[in-house]
Amino acid sequence: GCEHGESGNSFSWGDSSVPEETNNDDDDNAGNGTTPTGEASAFVGTWSLIPDAGGTGWYGFFNADGTWRICDNPDGSNQRVYGRYSVSNGRLEGDMTNPGVGNGAISATISPGGIMSFDFVEYWHEPHKTVTYSGSKL
């Protein structure tokens, strides 16, 4: 069945059995000194993401190596979805894997005021469903 309400106000991400973040992987949280360069650097970091339609928010982690993930908690625990991204002309675009549920895509821009507009496109719905979040960098 569908893992969130038809109203779009409640949202539950896939399987919570996804492995936890560890300190020995290759993202920027590992303290390995990776420094993002170019326009991608504006996106790198931890973001608080709140659905524009209301409901539960999540935390987005955008790493300097072009990987990203969404977790329940700001410490990176309870990963929900993940993927890879790239940035071109100020727009982030990437793929999304929602374990046990399906695949999708992401896109994001950052306003001059520093607010991220973040779209999830869920391919497991027909027609595809887009859920928009607003983000603030932590």
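**Exercise 1. Find which residue stands opposite Pro-51 in S8, and how S1 and S8 run.**

Step 1: Look across from Pro-51 and you'll land on Tyr-133 in S8.
Step 2: Now zoom out to the strands, which are DSSP runs of E with at least two residues, numbered from the N terminus (helices are runs of H or I, at least four residues). S1 and strand S8 (residues 129–137) run antiparallel and are joined by 5 bridges. That counts as pairing, because two strands pair if DSSP finds at least two bridges between them.

Before you go on: you're working with a predicted model, where local features need pLDDT of at least 70, side-chain atom pairs count only at pLDDT 80 or more, and totals for chains, interfaces and linings use all residues. Residues are numbered from 1 along each chain as its sequence is written, and side-chain values use heavy atoms, with hydrogens and water left out.

**Exercise 2. Work out in what order the 8 strands close into a barrel.**

**Exercise 3. Describe strand S1 and its hairpin with S2.**

Step 1: Is S1 mostly covered or uncovered? Covered: 6 of the 7 residues in S1 (residues 45–51) are buried. Buried means under 20% relative accessible area, exposed over 50%, and partly exposed in between (1.4 Å probe, protein chains only).
Step 2: S1 and S2 run antiparallel, with 5 bridges joining them. Gly-45 has Phe-62 as its bridge partner in S2.
Step 3: Between the two strands of this hairpin sit 6 residues, and Gly-54 in the turn has a positive phi of about 90°.

**Exercise 4. Walk through the hairpins from S5 to S7 and pick out the glycine in each turn.**

Step 1: Strand S5 (residues 91–98) is joined to S6 by 7 bridges, and the two run antiparallel. Here Thr-97 stands opposite Asn-103.
Step 2: The S5 and S6 hairpin has 3 residues between its strands, and Gly-100 in the turn has a positive phi of about 80°.
Step 3: S6 (residues 102–110) pairs with S7 (residues 116–122) over 7 bridges, again in the antiparallel sense. Two facing pairs here are Ser-107 with Asp-119 and Ala-108 with Phe-118.
Step 4: In this hairpin there are 5 residues between the strands, and Gly-114 takes a positive phi near 90°.

**Exercise 5. Find how many salt bridges the whole structure has, and say how covered their residues are.**

Step 1: The search finds 2. A salt bridge is a side-chain nitrogen of Lys or Arg within 4 Å of a carboxyl oxygen of Asp or Glu.
Step 2: One joins Arg-80 and Asp-72, with the closest N and O atoms 2.7 Å apart. Arg-80 and Asp-72 are both buried.
Step 3: Another joins the side chains of Arg-91 and Glu-93, at 3.1 Å from N to O. Arg-91 counts as partly exposed because its relative accessibility is 36%, and Glu-93 does so at 45%.
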